[in-house]
Amino acid sequence: MSELILDKSRWGWWQSAVFYQIYPKSFLDTTGSGVGDLKGITQRLDYLQQLGISGIWLSPVFRSPQVDNGYDISDYCAIDPLFGSMEDMEELIAEGKKRNISIILDLVLNHCSDQHPWFLEAKKSRENPFHDYFLWKDGDGITPPNEMRACFGGPAWTYVPEIGQWYFHQFAPQQPDLNWTNPAMRQALYRAIRFWVDKGVEGFRLDVIDQIGKDPDLQITGNGPRLHEYLRELSAAAFREPGIVTVGEAWGADVERAKRYSNPDCSELSMVFQFQHIGLDQQEGKEKWDTKPLYLPDLKRCLAHWQNGLHGCGWNSLFMNNHDLPRVVSRWGNDGVYRVKSAKMLATMLHGMEGTPYIYQGEELGMTNIKLPIGEYRDLEILNIYKERMAKGCREEDVMASIYARGRDNARTPMQWTDSENAGFTTGTPWIEVNPNYTAINAAAEEKDPDSVLNYYKQMITLRKSHLGLIYGSFQLLAEENPQVFAYRRTLAETGENYLIACNFSDKDAAFTIPADFAGARHLIGNYPDTAPAGAVTLRPYEAFVLQK
Ligand code: GLC
């Protein structure tokens with residue numbers, strides 16, 4: 001059955017797929033450079049096949065000065081030598097296909113690098129044909145055109161004295177925003193995308209896609225007035241084949257918007273990454289650096305709203321971490337004594353829902369956050385926030401506490417393959433510190449241990465592929481106010497399948513009542529060896545299971 005629904009030439013194959021995100025710099029280095037590379041990914045395809053995934057979302061490997069680790073592209077159709085060659089990429093695509101693993105490239109279409117030939121031309125003169133590929137404002141070089149701020153700190157405008165104009169950038173000054181109102185610029189991007197489709201790439205993750213319709217005159221960044229028009233044009237021009245999967249990063253998405261993005265008429269995208277659940281442990285009205293403890297009923301209500309809101313009229317992507325977010329086991333689980341139990345619990349909670357799950361590299365091992373001295377961090381966002389907050393007079397320990405909790409480098413430390421030096425990631429000097437817990441947490445050890453997080457992920461993925469109801473069933477939240485337990489039902493009327501997923505999010509026992517109709521149900525998977533009985537039960541710390549009736 002799973003092969004039937006995973007037929008990759010069909011629209012919708014990705015609904016029954018599980019994807020895996022690779023941050024290439026930190027995955028596996030085969031040259032001793034200290035930086036991961038494409039050959040390293042090809043070498044580990046067997047590992048990924050055994051995990052059970054159907055596709056890899058590959059963070060950018062295009063030519064780039066690497067100011068933002070590849071999210072600043074200077075050539076959309078070339079591989080950065082840091083990661084290898086075009087032949088290495090072709091080999092990865094071909095070897096992936098042999099194992100039924102699709103390659104999904106990360107496209108940064110909102111902005112490019114200030115070293116991209118388009119920008120180098122654009123800043124030569126106002127008459128240059130590429131000038132209008134970007135967004136400019138006249139000025140004196142002293143006062144920016146307006147008070148808009150860039151995401152990584154500082155003003156959203158940088159001055160080019162040679163032409164007496166400011167250019168607009170929502171991220172770093174080295175990431176000038178592309179001008180989507182210019183049809184020639186849009187066509188140039190579509191040609192670059194087709195280059196990769198012709199090479200056999202089967203999908204794309206679209207970086208900050210809800211920001212392409214920006215209008216700096218109106219101080220609009222996300223959800224601009226022409227956003228959906230652009231997406232429909234992009235989709236028709238570049239994603240014509242029914243098997244191509246697209247997932248847009250959309251920080252500003254709500255359920256109503258997501259229905260448009262992921263409308264089954266395929267006119268826009270396959271699905272979007274929404275972030276409403278990700279912001280719940282952030283202080284109201286503040287930035288991500290100001291954290292507060294997660295209140296579980298908020299998370300349950302939020303995810304239930306997405307599950308029910310898109311059922312039958314859109315499609316969810318399911319994720320808890322990525323290269324921009326801290327490690328989930330440290331964030332919502334417990335990276336101390338209950339690390340293994342809580343990592344499995346979180347996997348159960350996520351993979352039991354409707355949508356396409358995304359695993360971020362190392363999540364399947366239960367990899368954790370890291371605490372480094374400020375000089376060891378590499379991420380420009382962390383370094384900017386440190387500078388800004390210290391300049392404002394914040395206490396250093398408070399600034400560091402925020403960085404430990406939310407810094408992007410938590411997710412970017414090298415993949416932990418073995419317990420040998422540098423976790424088997426490189427024979428050279430790693431570009432960023434390896435988490436010292438690699439001697440205990442690593443893939444080689446987990447492969448051998450039947451109770452490891454890794455083996456649980458394998459079972460969970462297999463389970464999902466073989467149970468249609470877990471893929472397509474409707475969702476019903478149970479015990480909404482229970483502050484410890486996240487429980488829900490999945491039901492597929494067509495096949496008569498019923499599932500109960502129950503997860504204790506705390507390190508204490510939790511009372512929960514299994515609904516009467518699950519008496520005598522089959523225990524499909526769980527992170528404690530013995531089956532939960534029916535009726536009123538006590539869920540042990542971080543206990544999770546799936547029952548089928
Ligand atoms: C996205 C990426 C992030 C990057 C930013 C600018 O949010 O995920 O890593 O820094 O866009 O491209």
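The structure, a predicted model, holds 31 aromatic pairs.

**Aromatic pairs**

- Trp136 and Tyr167 form an edge-to-face pair, because their ring planes stand at 70°, above the 60 degrees required for that class. The centres of the two rings are 5.9 Å apart.
- This pair links distant parts of the chain, with 31 residues separating its members. Trp136 belongs to strand β6, which covers residues 136–138, and Tyr167 belongs to strand β8, which covers residues 165–168.
- Trp136 has a relative accessibility of 13% and therefore counts as buried, the cut-off being under 20%. Tyr167, at 5% relative accessibility, likewise counts as buried.
- Phe486 and Tyr488 also make an edge-to-face pair, since their planes meet at 65°. Their ring centres lie 5.7 Å apart, and both residues are buried.

**Aromatic cluster**

- One aromatic cluster is formed by Trp13, Phe19, Trp57, Trp251, Phe273, Phe275, Phe319 and Tyr358.

**Lysine charges over aromatic rings**

- Lys25 places its charged end over the ring of Trp431, at 4.2 Å from the ring centre.
- Lys341 places its charged end over the ring of Tyr528, at 4.3 Å from the ring centre.

**Ligand surroundings**

- There are 14 residues around the ligand, and those that come nearest are Asp68, His111, Asp207, His323 and Asp324.
- By class, the shell around the ligand comprises seven charged, four nonpolar and three polar residues.

Definitions and conventions: Residues numbered from 1 in each chain as written. Predicted model: local features only at pLDDT ≥ 70, side-chain atom pairs only at ≥ 80, totals over all residues. Heavy atoms only, no water. Near = heavy atom within 4 Å. Nonpolar A, V, L, I, M, F, W, Y, C, P; charged D, E, K, R; others polar. Phe/Tyr/Trp six-rings, centres within 6.5 Å; stacked < 30°, edge-to-face > 60°. Helix = DSSP H or I, 4+ residues; strand = E, 2+ residues; numbered from the N terminus. Buried < 20%, exposed > 50% of the residue type's maximum accessible area, 1.4 Å probe, protein only. Lys NZ or Arg CZ within 6 Å of the ring centre and 35° of its normal.
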